[in-house]
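Please look at the structure first, then read the points below.

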Amino acid sequence: MAVRERAEDTVRCEGLVQVYGTLGQEVTALRGIDLTVPAGDTVALLGPSGAGKSTLLWLLAGLLKPTAGRLEVCGRRVNDLNRRSAADLRLHDVGVVLQNPGRNLLANETAAGNVMFAQRPAHPGRAASRRRTDELLEAMGLGRVAHRQAGRLSGGEQQRLAVAVALANRPQLLLADEPTSQLDRTSASTVIDLIRSANESEGTTVVMVTHDPVVGNSLRRTITIRDGRVGAEGQAGQEYLVVSRDGSVQLPSEVLETTLPPGTLIRAVPTADGVQLHRARPEEDERA
Amino acid sequence: MTGRSWLRGLIQRAGTTGIIFIVALVAVAAAAAGPIYYSAARTSILRDTIATQPVTARGYEADETGALTGLLGELPATQKQRLDTALGGLAGRGLFGPPVQELQGSLALPVYNTSAPLVWRTSVCAHLRIAGKCPGTNQVVISRSTAQLTGWHTGQQLHFDGEPALTVTGIYQVTNANQDYWFGNAPGATQQSARDASPIQAMFTALATIQSGPASAQGTATVDEVLRSDRVTGGDVGQLGTAINAFSQDPVLANAQILVSTAIPATLTSVQSGWTALAIPILLITLQLLALCLLLLFLAVTDAVEGRGAEIALAKLRGRGAASTALFGLSEPIILLILALPAGVLAGWGVTALLSRLLLRPGTPVELAGLAWWAAAAATLGGLAAAGLAARRTLRRPVLEEWRRSGLRMNSRGWAVDAVLATAAVAGLLELYFSGQVSSARPGTLILLVPGLLGLAVAVIASRLLPAGCRAAYARTGKGGGLGTFLAIRHVARRPSGVRAVMVLVTAIALTTFAVSAWSVGDRNQQRVAATTVGAPTVLTVSVPAGKNLSTLVGNADPSGRQAAAVDSYTSTSSGSAGLTVLAVDPQRFAQVATWNAQPGQPSLQDLADRLDPPAPAGITLSGSAMRVTVQVKKINPAGATLAADVTTGSSPVSLGTLPARGSATLTGPLTGCPCVLQDLDLSPPSSGPGSLSYVGPGQVSGALTITAIQELQGGHWVTAGPAAALTDASYWRPGQEDSPPDTIQPGNAGLTWTFSSRAAQDAVLTSVNRPYPLPAVISSGLVSPGQTQATGVGLDGKSLGLQIIDRAVAIPGAPDNGVIVDRHYAELAAGLTAASTTVEQVWLAGDAQSAIEARLQAAGVSVVSSETTAQTASTYARQGPALSSVLFLADAAAATLLAAGAAILDLYLSARRRRYEYAALSATGVPFRTLRRAVRTELALLLGFGIVVGAVIGAIAALVTLRSVPEFVTAPPAGLLSYVPPALPLALTLVVTIVVLTAAAGLASSTLIRGVSLDQLRETPT
């Protein structure tokens, strides 16, 4: 197998915009995302439903083309990919785990067959393919059910198998769309552990969409998407606001609900290393 | 995917898998069956034609004339070598029967002023019935007629100039003159051969007798070979025709003075014209079934690939390229199509073999022709293309769109496909209409496309109306009518795939209805034409012993008068009346056995029979040894005219003598071979000589005389001949000429006064009336113009005969287009009891009378030369191209209907099965299972019933509009015989069977479906 050169940053988004045209209406899903994910990083995409997390994930998988902005995945410019090269990107560099365990797999195929099905277009060779399959299934704790039909595995086993399938071709980037949302807590933590293990052992970069803060916090970074923008980023237990390309900043929801409700006028007071925001009261300013 | 998982997928989607495989199988089978059936049918038609042709049309004769001693050494070898050369690859196939050789010389018979043919023929004694023994060297057998003519007998030594004495070892009769062995040259056969030019028929002898004759003796050597119908196949015809043409014109043979005569090429050409009536219909019929199968395949693969949409999306998600994804998505249909190729070819072969056994000439080989594999491969490629088209949208659909897919797209897609189908169908119909195929009564094979195209066009539109109609019924079913109807109406309205299934069903039912109509109409017309062409259920051509009257023999064989009728048939070959056939019949018996196609308002044959033989004077029958006529001549010019009597025997005319210029005279003449009937008295002018020209003109005679007595000599006494009133009643006589200047007759106490004036070079004739004048006749309507009451036909003697038209018929039995029916007794009298040599004596038999009557006739000495039955003729029609293609159409349409119905029911079943969650939910709310079952059954009944009704109506309309143009015969019969209104019974039976089968299948499907509904399904995710 040819050793592919790994880009320094696995994901690089600059002003990423995605607009859907549906039934004559345009819906803007992403409004200028700037995001960089270095190789080997693990990132959780958080945010409310409809914020644009999954859209960002599909863009990273090459299933969509950005409407505007620049997107590079594993050193390839997604804007320029045609169907064939997008498929090639997914085959060699990007693995995807979907939310619905059943949707990740060929239900009639065995667990091993599913892994090999994902490998086959990459032509790894029969022996190498079998070795990799066994290795992955053992790593996922599925060695004893390798020859059982995927449709007959439990939900947890199916999702672990889905991770194995996604990792079959040693991708640089593993994308997971709420991989644990339909699993019980035990199964969910097993899946997350496996993903983290792959990150640690193979250096696979991980971008995972999740609603679960616990799952999110188990990864190194959390990116919160709100209204199509990167609203915040968390690292090492700290939550940070992110300044957008147009200068906007999304305040945390608790601040919006209590201190600075929508419509509040604020004054930005520059400081040595940033800016302080204060509620502004124009009538008092006038009297003063 | 591993083979096991692929198999699991097939099993999981068993319904769709089964439909795809069966449709592919039928498509391939149909494609393969076309060429196989065509090949077999060609051979069947070829063999039928060969078998029914006269031997001269299916064999050849090579002859060489020269010195008898060496002839037979050269001819067989030379002609065989040249024939094999011409035949090339066909030479070793044994296409011809064993050659029959003949060597013929002649022996002078000065006493008879003729010569006698001395003949050796291969194994001749096996084909003769010899009273005596087979001849050896210097021995002969002679025919019975020769024996009668010459008085020669067995054991007699015959001496001819320059020849050794020949001993007669037996008297022979030909066992069967119609055997191929004789090649139409049997001694005494009806067909006059050169050999029979001599009154002495062939004397057969051993080869050595002829070869040991004088070296200078000249004669003819002949080799006859006849094509074996059981060896030749359709594929041989082209090469065989070329070879025989080359053989007959071979310069090597011509240089050797060997003449080859054959009509085989003409026979093969007529066979090929029969094939054209088969080739295009088979192609069109096959293409229609194939198109329907491919449409079904398209729909089935669409469903199958849609069902695998999620897996296909997953393949794309895993980075598979377009080709790899297509292969993955289409793997199941591709494998099924490939499996269906050999299975379909074998199935097509098997079905065709079965069909051929039922329809084609017995013994016809049904070979798996190479073309069948090519056609099957083309069908498979067509199936792959249909599958590719069906899967195209799913394969090209982006992954995200597949995940978000809703049912709305199915609707929009359906319209696109339907629009293409409807447009193509309407365009095809318009093309056929404007090219005159639909509007013309002229048979054309492209008309066979109309039902399919019409069915498809209407089906596309009508199947769209059904959901619309159901939507319109929403309100009504919402207010009342039960939950079952409520659910059924809504499911029909909302489900596009059911509409497509109905569309195919409508087309298939339309095709079947049309095919049943076409077949039943064709079959009825073929039966009708066969019955009319033959004339009666069975027609025997017979040979009657000398001196016997066929009517009497038939009367004895059938005292009931209802089973047999004697018929004399004479077909004119004279210019002006060529082809006209006079059928002289016993009217009452004829009416009982003949096939009569009475048109509306036309009298029955029984009614006509009474009018065919009206009473007529008995005529003057003479049974004495001499006759005499006493006349009182008033005047006659020129003097010296002679009087003769024409009577109905071989000794006619009876010369009575010369009449005086004035005064009385009694003229006498001998009678030989009577009893006989006086036909006429004939007054001839004296022979013309120098200075003897009549003042009235050359060769004419005129004058007036009174006939006072006609007598015959019986037992030494002269007695009055005929009825006493014969000379006092004008109805007993008829002057020969009734036009200007009129001859007249005047009865009186003294006798019958006859005033006459003959035309130039003609005699004056006084005819003894013994039949109606003109003769009542029923005549083919095509021979006379409307309103015509009299016509001139031909009599049994081949001479013209005045006819009184009592009725005209669209088709005369036995001679549909050009027949005349007259009374047999009167016709024989009109012919002077002297039939033309080509007059054929027949016995027409009722349906179940053949064996009994034939046996009685044979016991009475009548030999049956040949027989023809309506059933045989109908069977021949049934094996001709149009009928064979009609049956293929029927079989294909039935297969299409079964396929479409099966696919529709399965589709509806699978669709309803996907709604089991909904049914389980309804069941949980307290809706009884019987209501759910009723809902499914109502839905099935709505869709299938709609398909059946609309399809049947379209098929019936197509049949009514186009059947007139669908070919039914290779040669068109009289149009008036044919009817194109489909018989109700076959159509009704077809519909009833279809409804019963579909109802049973739908009932089974709905019961199975509802039995599978359980509350546990509520735990599953709704699909």
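This is a predicted model: local features need pLDDT of at least 70, side-chain atom pairs count only at pLDDT 80 or more; totals for chains, interfaces and linings use all residues.

Salt bridges between chain A and chain B number zero.

**The interface of chain A and chain B**

- Chain A brings 24 residues to the contact, and chain B brings 22 residues.
- About 2200 Å² of area is buried between the two chains, and carbon and sulfur atoms give 56% of this area.
- On the side of chain A, the residues that lose the most area to chain B are A:R103, A:N108 and A:F117, which together make up 29% of what that side buries.

**The side of chain A that touches chain B**

- Three elements of chain A give two or more residues to this side: α2 (83–92), α3 (111–119) and α5 (155–166).
- Of the elements, α2(A) gives the most, with four residues.
- Sorted by class, this side of chain A has 15 nonpolar, four polar and five charged residues.

**Cavities**

- The whole structure holds six cavities of 30 Å³ or more.
- The largest cavity contains about 90 Å³ of space.
- Its lining consists of 14 residues, and those nearest the centre are A:R90, A:V94, A:G95, A:V165 and A:A166.
- At least two lining residues of the largest cavity come from each of α2, β6 (94–97) and α5 of chain A.
- The lining of the largest cavity has eight nonpolar, three polar and three charged residues.

Key. Residues are numbered from 1 along each chain as its sequence is written. Chains are lettered from A and ligands numbered from 1 in the order in which they are written. Side-chain values use heavy atoms; hydrogens and water are left out. Contact means heavy atoms within 4.5 Å. Buried area is the accessible area (1.4 Å probe) that two parts lose on being put together, summed over both. A salt bridge is a side-chain nitrogen of Lys or Arg within 4 Å of a carboxyl oxygen of Asp or Glu. Ala, Val, Leu, Ile, Met, Phe, Trp, Tyr, Cys and Pro count as nonpolar, Asp, Glu, Lys and Arg as charged, and the others, Gly among them, as polar. On a 1 Å grid over the protein atoms alone, a cavity is a set of points where a 1.4 Å probe fits but cannot get out, and a pocket is an open set with protein on both sides within 12 Å along at least five of seven lines; lining residues have an atom within 4 Å of a point. Grid points are joined across faces, edges and corners, and a volume is the space filled by probe spheres set on the points.
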